[in-house]
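You asked for comments on this model. My notes are set out below the structure, as numbered points.

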Amino acid sequence: MKRKNNKSKYLKLQKEFDFFEYQSYKINVENSSINLEFNFNLSNKYFFNPKIRISLPEKPDQLKISSGDLNILAFNIGMVELVSYWKAACPKKIIIKPHTLNDQQIKWWRKLYYNGLGEFFYLNSIDVNENDFLEIKCFGNELESLDMELDFTKVIVPVGGGKDSIVSLEVLKSAGIDIYPMMLNPN
């Protein structure tokens, strides 16, 4: 893709749209799927309502995951999903309403967003640093810790179609790890 000089557009959008809000999420477990719905708000001007369906390999009543752990996972999928909609206007402030994040978690998410948006910033000639490009404010209830045993021989790899995904898949494959590719909003 060709680089564009969109720095002034980026700054103009930040003035026009002062916040992006993760309002809520819903979980609906059906016969063979988990259905997630997220509610996002861009400065009370635009509202986004993405839905994700996760097909299950077995019946939901046989799932070995508690409703609390499912809640934590759904919330975090929403945290990943929000960045796609945040890019519409790149507001300086992200408001998280469903749950509160501690300082360490906020720092982790900001770093993930910053590094995940590297190509976006590069292609649009946007020069920002990790600490200043956005702030995250939280107003919800605290989440409990995930109470499940993780199997590190199996890995979910987000696939966006770029080189990073291919390299990650190949490195993990050569290490003999079971890989489960995952795409949000596949085109």
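1. Confidence. This is a predicted model, so the pLDDT values come before anything else. The protein chain averages a pLDDT of 89, and 93% of the residues score at least 70. Among the elements of the chain, strand 5 (residues 93-96) has the highest mean pLDDT, at 98. The lowest mean, 82, belongs to strand 9 (residues 154-158).

2. Helix 1. This helix spans residues 7-16, and its buried residues are Tyr10, Leu13 and Gln14. Viewed down the axis of helix 1, these buried residues fall within an arc of 100°, so they line one face of the helix. The face turned away from that buried side carries exposed residues, namely Ser8, Lys9, Lys12 and Lys15.

3. How many disulfides does a search of the whole structure find? The search finds zero. A disulfide is a covalent bond between the sulfur atoms of two cysteines. For Cys90, the closest cysteine sulfur is that of Cys138, and at 20 Å it is too far for a bond; the cut-off for a disulfide is 2.5 Å between the sulfur atoms. Cys138 is likewise in no disulfide, its nearest cysteine sulfur being that of Cys90.

4. Burial of the cysteines. Are Cys90 and Cys138 buried or exposed? Cys90 counts as buried, because its relative accessibility is 2% and the limit for burial is under 20%. Cys138 is also buried, with a relative accessible area of 18%.

5. Positive phi angles. Most residues other than glycine have a negative phi. Cys90, in the loop between helix 2 and strand 5, has a positive phi, near 55°. Ser43 also has a positive phi, near 55°. Ser43 sits in the loop between strand 2 (33-42) and strand 3 (46-48), and at 8% relative accessibility it counts as buried. Both angles deserve a look in the viewer.

6. The second largest pocket. About 250 Å³ of space lies in this pocket. Its lining is made up of 14 residues, and the closest to the pocket centre are Asn76, Leu101, Asn102, Gln105 and Leu143.

7. Leu112 and Glu130. Leu112 belongs to helix 3. With a relative accessible area of 36%, Leu112 is partly exposed. Leu112 and Glu130 are 18 residues apart in sequence, and their C-alpha atoms are 9.6 Å apart in space.

8. Ser165 and Glu142. Ser165 is part of helix 5 (residues 163-174). Its relative accessible area is 8%, so Ser165 is buried. How far apart are the C-alpha atoms of Ser165 and Glu142, which are 23 residues apart along the chain? They are separated by 32 Å.

How values were computed
Residues numbered from 1 in each chain as written. Predicted model: local features only at pLDDT ≥ 70, side-chain atom pairs only at ≥ 80, totals over all residues. Heavy atoms only, no water. 1 Å grid on protein atoms, 1.4 Å probe; cavity = no way out; pocket = protein on both sides within 12 Å on 5 of 7 lines; lining within 4 Å. Points joined across faces, edges and corners; volume = space filled by probe spheres on them. Buried < 20%, exposed > 50% of the residue type's maximum accessible area, 1.4 Å probe, protein only. Helix = DSSP H or I, 4+ residues; strand = E, 2+ residues; numbered from the N terminus. Arc of directions from axis to C-beta. pLDDT = per-residue confidence, 0-100.
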